[in-house]
Amino acid sequence: DTEVTQTPKHLVMGMTNKKSLKCEQHMGHRAMYWYKQKAKKPPELMFVYSYEKLSINESVPSRFSPECPNSSLLNLHLHALQPEDSALYLCASSQDFGGGYISGNTIYFGEGSWLTVV
Amino acid sequence: AQSVTQPDIHITVSEGASLELRCNYSYGATPYLFWYVQSPGQGLQLLLKYFSGDTLVQGIKGFEAEFKRSQSSFNLRKPSVHWSDAAEYFCAVGAEKAAGNKLTFGGGTRVLVKP
């Protein structure tokens with residue numbers, strides 16, 4: 001089962017709200033990712049977690065706060081967002097990077113959460 | 001740093017005709033290459049991947065891709081397109097960093113299928 005589940009599918013929030021996006025996988029993957037995708041653009045990496053520790057932050061503004069409570073869950077906490085943050089947010093997971101690509105370290109994506117900031 | 005170029009922003013093809021999507025990459029070491037498809041309003045689905053070995057890779061939904069090191073290309077092909085193949089296609093190159101994997105995507109090619 002190669003499934004990454006994201007909730008909610010759609011979220012509308014005001015600029016002063018606090019909300020969270022959630023992601024879950026049960027493939028035993030120990031690396032999890034957040035990507036941001038604007039309309040008609042490719043996905044852009046935001047964060048990487050490896051073994052529940054933040055390993056890559058692609059200079060993302062602090063109004064986005066990731067959290068990895070356990071090896072199956074990944075959250076993205078949102079606070080004081082701007083309208084330009086409206087986008088599709090994609091969660092993904094893969095086997096631990098230590099296995100290397102030789103062992104088939106493919107990144108699997110969820111269907112995304114559509115975020116609109118008003 | 002790695003980069004990926006997909007020269008065609010849009011391609012229109014008739015149903016039943018063949019399809020080829022171009023992908024050129026730049027990477028200093030052996031590349032790890034992927035093709036993903038994204039239907040409207042959906043996430044990304046992996047079509048196929050190349051790590052090593054046979055340079056002709058078979059994927060799902062009848063797609064295949066050929067790795068050509070001399071041309072730094074990884075073009076995607078399908079012999080006969082179905083209306084359900086209308087979607088956005090992304091080529092990506094992977095790099096294993098010290099702290100996790102990183103995919104770099106091309107700009108995408110939108111495929112329209114005419115009846």
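How many salt bridges does the rule find across the interface of chain B and chain A? The rule finds 0 salt bridges there, in a model that is predicted.

**View 1. The interface of chain B and chain A.** Between them, chain B and chain A bury about 2,200 Å², with 58% of this area on carbon and sulfur atoms. The contact draws 26 residues from chain A and 25 residues from chain B. Although salt bridges across the interface number 0, 4 residue pairs are in polar contact between chain B and chain A, both residues of each pair being at pLDDT 80 or more. On the side of chain B that touches chain A, at least two residues come from each of β5 (32-38), β6 (45-50), β10 (87-97) and β11 (100-105) of chain B. This side of chain B comprises 12 nonpolar, 9 polar and 4 charged residues.

**View 2. The second largest pocket.** The volume of the second largest pocket is about 220 Å³. Its lining consists of 15 residues, divided by class into 5 nonpolar, 5 polar and 5 charged residues. Nearest the centre of the pocket lie Q37(A), K40(A) and W114(A), together with Q38(B) and R110(B).

**View 3. The salt bridge of R30(A) and E52(A).** Over all chains the count comes to 8 salt bridges, and one of them joins the side chains of R30(A) and E52(A) at 2.8 Å, N to O. Side chains of opposite charge can pair when their charged atoms come close. Because R30(A) belongs to the loop between β3 (18-25) and β4 (31-37) of chain A, and E52(A) to the loop between β5 (44-50) and β6 (53-57) of chain A, the pair ties together parts that are 22 residues apart in sequence.

**View 4. The backbone at E52(A).** In the loop between β5 and β6 of chain A, E52(A) has a phi near 65°, which is a positive value in a residue other than glycine.

**View 5. The cis peptide bond from T7(A) to P8(A).** The omega of this cis bond is near -10°. P8(A) is placed in the loop between β1 (4-7) and β2 (10-13) of chain A.

Definitions and conventions: Residues are numbered from 1 along each chain as its sequence is written. Chains are lettered from A and ligands numbered from 1 in the order in which they are written. This is a predicted model: local features need pLDDT of at least 70, side-chain atom pairs count only at pLDDT 80 or more; totals for chains, interfaces and linings use all residues. Side-chain values use heavy atoms; hydrogens and water are left out. On a 1 Å grid over the protein atoms alone, a cavity is a set of points where a 1.4 Å probe fits but cannot get out, and a pocket is an open set with protein on both sides within 12 Å along at least five of seven lines; lining residues have an atom within 4 Å of a point. Grid points are joined across faces, edges and corners, and a volume is the space filled by probe spheres set on the points. Ala, Val, Leu, Ile, Met, Phe, Trp, Tyr, Cys and Pro count as nonpolar, Asp, Glu, Lys and Arg as charged, and the others, Gly among them, as polar. Contact means heavy atoms within 4.5 Å. Buried area is the accessible area (1.4 Å probe) that two parts lose on being put together, summed over both. A salt bridge is a side-chain nitrogen of Lys or Arg within 4 Å of a carboxyl oxygen of Asp or Glu. A polar contact is a pair of N or O atoms within 3.5 Å; within protein, one must be able to donate a hydrogen and the other to accept it, and residues adjacent in sequence count only if both atoms are side-chain atoms. Helices (H or I, at least four residues) and strands (E, at least two) are DSSP runs, numbered from the N terminus.
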